[in-house]
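Try each task before reading its solution.

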Amino acid sequence: MQLDLYVNTLGRHLKQRFGGKVRKLSVDGDFTCPNRDGSIGKGGCTFCNVDAFVKPEQQMMPIGEQLDARKAELKHKDIRYLAYFQAYTSTYAEVEYLRSMYQQALADDSVVGLCIGTRPDCVPEAVLEMLAEYQAQGKEVWLELGVQTAHDETLKRINRGHDFAAFQQAVARAHHHGLKVCAHLILGLPGEGPEHYMQTLNAVLDEQIAGIKLHPLHVVEGSTMAKAWRAGRLTTLGHQEYIEQAVRLIRHTPTDVVYHRVSAHARPPMLLAPSWCENKWLALTDIAKKLAAEGSQGSSL
Ligand code: SF4
């Protein structure tokens, strides 16, 4: 069951723009996070794997080599790529360092753009200007802002270190530079239910965001939530419950909004719960089937 038939996926969007397949390739710019180092907060977001902040002893591979290694793993030919700076806070460094990281990715002829994952309170003007320059040069540029929920009470509870107003301000500033924003949302955060999810969706849509990355809360080893889950103080969404809610939100999303992701995938031993996130295709297939039966993206605005 092909999700693209029912959802305006990033793959579909990029195919329309570039006339062929474009894939995201994750690269690591060796960044850190201000919600860990004390600049904004300490301990990080409670769902985040703080152990991942410990860098390996060896030098980080140059971006070009990371891209080559990932391409070799995928063994795809004649495909173009978006370099996805996903790990940590990918705008948290001096602007010249950022420029050198992004430039290294764009120096690869098969890389047609960038997707930059970051926090709403970590997007200085100089970074927005630089991303707007790349866009003006014809590159596909996405600013992916982690917000997770529009509810300040939950943001506080998960130790995000910013409120929803910070997201609204960052989106407005990105739009001022003509940049597309993708909002990263999580379903199943502590204390939240279906009404919270829909309120969050409506709140980010009100900000005219161009993309959404949606996934269920999954508990990973090394996170603060792992301790709560082990102690029986945290539960995660069941497979059917997630499918139900994800489909409800997708159907309520206008068709011009691009879904960068509709589920999550992780493997043990890093993944603790829910176990259904181990199967990469299960949620995607079931979401597509349900959308086929009930109506595709935008059918329930
Ligand atoms: S989720 Fe992002 S902002 Fe939160 S601790 Fe992890 S890297 Fe930092």
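A cavity is a set of grid points where a 1.4 Å probe fits but cannot get out, and its lining residues have an atom within 4 Å of a point. The model used here is predicted.

**Exercise 1.** Describe the largest cavity and its lining.

Solution. 
- Step 1: Begin with the search, which finds 1 cavity of 30 Å³ or more. The space in the largest cavity is about 30 Å³.
- Step 2: List the lining, made up of Gln148, Thr149, Leu185, Ile186, Leu187, Glu192, His196, Tyr197, Thr200, Leu201 and Leu249.
- Step 3: Two or more lining residues come from each of β5 (180-187) and α7 (194-206). The most come from α7, which gives 4 residues.
- Step 4: Sort the lining by class, giving 6 nonpolar, 4 polar and 1 charged residues.

**Exercise 2.** Describe how helices α9 and α10 are placed relative to each other.

Solution. 
- Step 1: Two packed helices are described by the angle and the distance between their axes.
- Step 2: Take helix α9 (residues 239-251) and helix α10 (residues 280-294), whose axes come within 9 Å and cross at roughly 50 degrees.
- Step 3: Angles from 65 to 115 degrees count as roughly perpendicular and those under 35 as roughly parallel. α9 and α10 are therefore oblique to each other.

**Exercise 3.** Which residues come nearest to the ligand, and which classes make up its shell?

Solution. 
- Step 1: Among the 9 residues around the ligand, the nearest are Cys33, Gly44, Cys45, Cys48 and Arg119.
- Step 2: By class, this shell holds 6 nonpolar, 1 polar and 2 charged residues.

Terms used: Residues numbered from 1 in each chain as written. Predicted model: local features only at pLDDT ≥ 70, side-chain atom pairs only at ≥ 80, totals over all residues. Heavy atoms only, no water. Near = heavy atom within 4 Å. Nonpolar A, V, L, I, M, F, W, Y, C, P; charged D, E, K, R; others polar. 1 Å grid on protein atoms, 1.4 Å probe; cavity = no way out; pocket = protein on both sides within 12 Å on 5 of 7 lines; lining within 4 Å. Points joined across faces, edges and corners; volume = space filled by probe spheres on them. Axes fitted to C-alpha atoms, helices over the stretch in contact; angles between N-to-C directions. Parallel < 35°, antiparallel > 145°, perpendicular 65-115°, else oblique.
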